[in-house]
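Give the cut-offs behind each term as it comes up.

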Amino acid sequence: MQKLTHLLAAVFLTISPLSYADFDFKGPGELRFPTGVSDGFYFGFGWDEAAKKFRIGPKQYTMSDIPDSYSIAITLSKDGSNVWIQEFYQGFIEEFQWQLGNNKLTLKKGDFGKSVKGNYVLTLNGTEYFFERNNISIDVVFDNADIKHIKLEGVIKNMGTK
């Protein structure tokens with residue numbers, strides 16, 4: 001009887017929605033400032049099903065369910081030399097690298113031989129994108145226990161123009 005109880009407990013733990021619903025992505029990254037100085041940062045997401053708490057960066061919010069998505073805005077400065085990403089830093093930055101779960105994003109300046117907005121290339125998991133507008137977004141889409149995918153808005157795969 002005791003073996004049956006342990007077996008049933010193990011089965012219920014493996015199929016429990018709680019075991020599938022929690023996640024915690026730290027979101028380590030590195031910022032490079034216009035001065036050339038670099039600094040590390042963390043901006044990730046987490047979900048605690050039992051507490052009904054969703055973490056966005058360092059802050060936690062009580063929610064009944066995981067939100068469908070979260071958008072991070074990237075704004076190109078008027079002169080196109082820097083970007084503003086409120087979630088990452090309270091000022092202008094020049095470049096970044098960011099790991100979120102299995103996803104890697106980088107924003108780098110480049111010399112492309114053609115005019116592109118801000119001379120920036122945004123790379124998501126090895127695919128390069130260019131600014132189509134001065135305001136773009138990184139949309140992190142969630143499912144029950146993971147990041148379903150990351151979608152970029154306001155970018156194009158071929159070189160954008162100024």
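Does Phe 41 count as buried or exposed? Phe 41 counts as buried because its relative accessibility is 9%, where buried means under 20% relative accessible area, exposed over 50%, and partly exposed in between (1.4 Å probe, protein chains only). The model is a predicted one, in which local features need pLDDT of at least 70 and side-chain atom pairs count only at pLDDT 80 or more, while totals for chains, interfaces and linings use all residues. Residues are numbered from 1 along each chain as its sequence is written, and side-chain values use heavy atoms, with hydrogens and water left out.

Phe 41 sits in strand β3, which covers residues 38–42; strands (E, at least two residues) and helices (H or I, at least four) are DSSP runs numbered from the N terminus. Apart from neighbours within four places in sequence, Phe 41 is in contact with Gly 27, Pro 28, Gly 29, Glu 30, Leu 31, Phe 88, Gln 97 and Trp 98, contact being heavy atoms within 4.5 Å.

Asp 79 belongs to the loop between β7 (69–76) and β8 (83–84). With a relative accessible area of 61%, Asp 79 is exposed. From Asp 79 to Lys 117, 38 residues apart along the chain, the C-alpha separation is 9.8 Å.

For the protein as a whole, the secondary structure consists of two helices and 16 strands. The chain has 162 residues, and 40% of them count as buried. Of the contacts between residues at least 6 apart in sequence, 49% join residues at least 24 apart. The accessible surface is about 9,600 Å², with 52% belonging to carbon and sulfur atoms; such areas come from the Shrake-Rupley method with a 1.4 Å probe, and for residues only the protein chains shown count as cover.

Confidence comes next. The average pLDDT, the predictor's confidence in each residue from 0 to 100, is 87, and 85% of the residues score at least 70. Over residues 4–20 the pLDDT falls below 50, and this stretch has eight contacts in the model beyond near neighbours in sequence.

By class, the lining of the largest pocket has six nonpolar, two polar and two charged residues. Nonpolar here covers Ala, Val, Leu, Ile, Met, Phe, Trp, Tyr, Cys and Pro, charged covers Asp, Glu, Lys and Arg, and polar the others, Gly among them. A pocket is an open set of points on a 1 Å grid over the protein atoms alone, where a 1.4 Å probe fits, with protein on both sides within 12 Å along at least five of seven lines; lining residues have an atom within 4 Å of a point. Among the lining residues are Tyr 42, Phe 43, Lys 59 and Glu 87.
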